[in-house]
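Dear colleague,

I am handing over the structure that we discussed, followed by some notes on what came out of going through it. Please read the notes with the structure open beside them.

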Amino acid sequence: MANTERCRKPSPLAALFVVSLSLCLRFSPASSSPQGFQGSAAARGLKQDQGNIHEHEVHCSRERSRAASKIIEEYLMPFIEKERYQLPNKCRLHPDYNFYGDQEQHKIHVDINEWRCGYCRKSFYEEKYLDRHFDNRHYDLLNVSQGKCLADLCGALHCDLVMDSVQKKTKCNPAAAVRNKHLCESLADSCFPVKEGPSSSRLHEFFLRQFCDAHTCNGRQKPFSKGRRKRRSIFFIAMSILVLLLLPLFYLFVYLYQRGIRRGTQDLRRVTESTRKKKPS
Ligand SMILES: [Zn+2]
C-alpha cells in the first residue's frame, strides 16, 4: 500500500510537466518558422479549392503559384504571342504579378539531383529544399507590397489539374464552380477588353473557351479545350527539314563510296589478271 501511495504522490507534478511540455511544443519556433508559413499557405490553398478567393499578400502558396504560372505559360502565352498582344498593366495574368516570379527565375537546375540558388549559389538535392532555402534566407527579396499572389487565380485557372499532390475531387461544388466562373470571366474582361480591338476580342473569346467554360458541374466541357501550343514546334520543323535535306546527301555519299570500292576491286582484279597473263611469256 505504501508503495502505491509513493507512486501516486508525484502525479500532479507529472501532469504539470506534461502540460508544460505540450505548451512548449505548441509555441515552438517550428510553427512560426517559414515551414509553418508554408503550411498555412498550403492550407489557404486548400481553402481556395472551395472557392474562397481572398487577397493575401504575405501568405501565398508557392506550389499553387507555380502551377498557375505553368498553366499561363503553356495554355495562354503561346496564343497571346501569336496575336502579338500586350497584356494590360491591370491584368493579373501578367508575369510581373507573380509574387514568387523573381525567386523562380533564380532557380538553376544544374543536374537531376542538383538545384542551385541563383542569389547565393548554394546547392540542394531537391527543388523543395531550395524552396525552403528561399523562404528562410531570401524572404526579404519578395516584394510584398507590390507582389500579387498568383495562387489566388488558381480557382479560375484549374491549377489542380497540373498539380500531382492534389487529390482529385470526387464531387463538384456548384457554388464554387459559379464563383470560379465569375473570377474567370472577370479575368477575361480585365485582360482582354472586347473594345480594345480585334486581337483582344479574339483572345477574350479564346480565354472563355479555354478556361471559363469548364467551370460547371455538368462535366460536358473540359478545361484547356483549345489545347496547348508548343513553342519548340519551330525548332522541330527546322530540324526535320534539315534531316530531310541531309538524308539524300547521306545516301549519295554511301552510294559513291560503295561504287568507289567496287571500282577499286575491279581495277585490282584487272591488274592481277594482266600480271598473270604476262608471267608465262
Ligand atoms: Zn540563396
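The protein chain averages a pLDDT of 77, and 72% of its residues score at least 70, where pLDDT is the predictor's confidence in each residue, from 0 to 100. This is a predicted model, in which local features need a pLDDT of at least 70 and side-chain atom pairs count only at pLDDT 80 or more, whereas totals for chains, interfaces and linings use all residues. Residues are numbered from 1 along each chain as its sequence is written.

Two stretches call for caution. Over residues 1-10 the pLDDT is below 50, and beyond near neighbours in sequence this stretch has zero contacts in the model, a contact being two residues whose C-beta atoms, placed from the backbone, lie within 7 Å. Over residues 18-57 the pLDDT also stays under 50, although the model has 44 contacts beyond four places in sequence for that stretch. Where pLDDT is low, the predicted coordinates should not be read in detail.

As for the overall make-up, the secondary structure of the protein chain comes to twelve helices and three strands; these are DSSP runs numbered from the N terminus, with helices being H or I of at least four residues and strands E of at least two. Buried residues make up 19% of the 281 residues (buried means that 20 or more other C-beta atoms lie within 10 Å of the residue's own, exposed 12 or fewer, and partly exposed in between, with C-beta atoms placed from the backbone). Among contacts between residues at least 6 apart in sequence, 66% join residues at least 24 apart.

The three strands form an open, antiparallel sheet in the order β1-β2-β3, where strands count as paired if DSSP finds at least two bridges between them. β1 (107-111) and β3 (123-124) are the edge strands, each pairing on one side only. β1 and β2 (residues 114-117) form a hairpin with two residues between them, and they pair over four bridges, including those that join Lys 107 to Cys 117 and Ile 108 to Arg 116. Helix α8 (residues 127-137) lies across β1, β2 and β3 and runs at about 15° to β2 (axes are lines fitted to C-alpha atoms, for helices over the stretch in contact, and angles run from 0 to 180 degrees between N-to-C directions).

The UniProt record, an unreviewed entry, annotates residues 115-138 as "domain: C2H2-type"; UniProt positions are given in the numbering used here, feature names are shortened, and annotations may be inferred rather than shown by experiment. Over residues 115-138 the chain is 46% helix and 21% strand, with the end C-alpha atoms 16 Å apart.

The largest nonpolar core has 30 residues, of which Ala 68, Leu 157 and Leu 187 touch the most other members; such a core is a set of buried Ala, Val, Leu, Ile, Met, Phe, Trp, Tyr and Cys residues joined through C-beta atoms within 7 Å. Helices α5 (62-75), α9 (154-157), α10 (174-191) and α11 (198-212) each supply at least two residues of this core. Not counting residues up to four places away in sequence, Leu 157 touches Ala 68, Ile 71 and Phe 211.

Finally, Arg 121, in the loop between β2 and β3, has a positive phi of about 65° although it is not a glycine, and Arg 121 is exposed, with 8 other C-beta atoms within 10 Å.

Best regards
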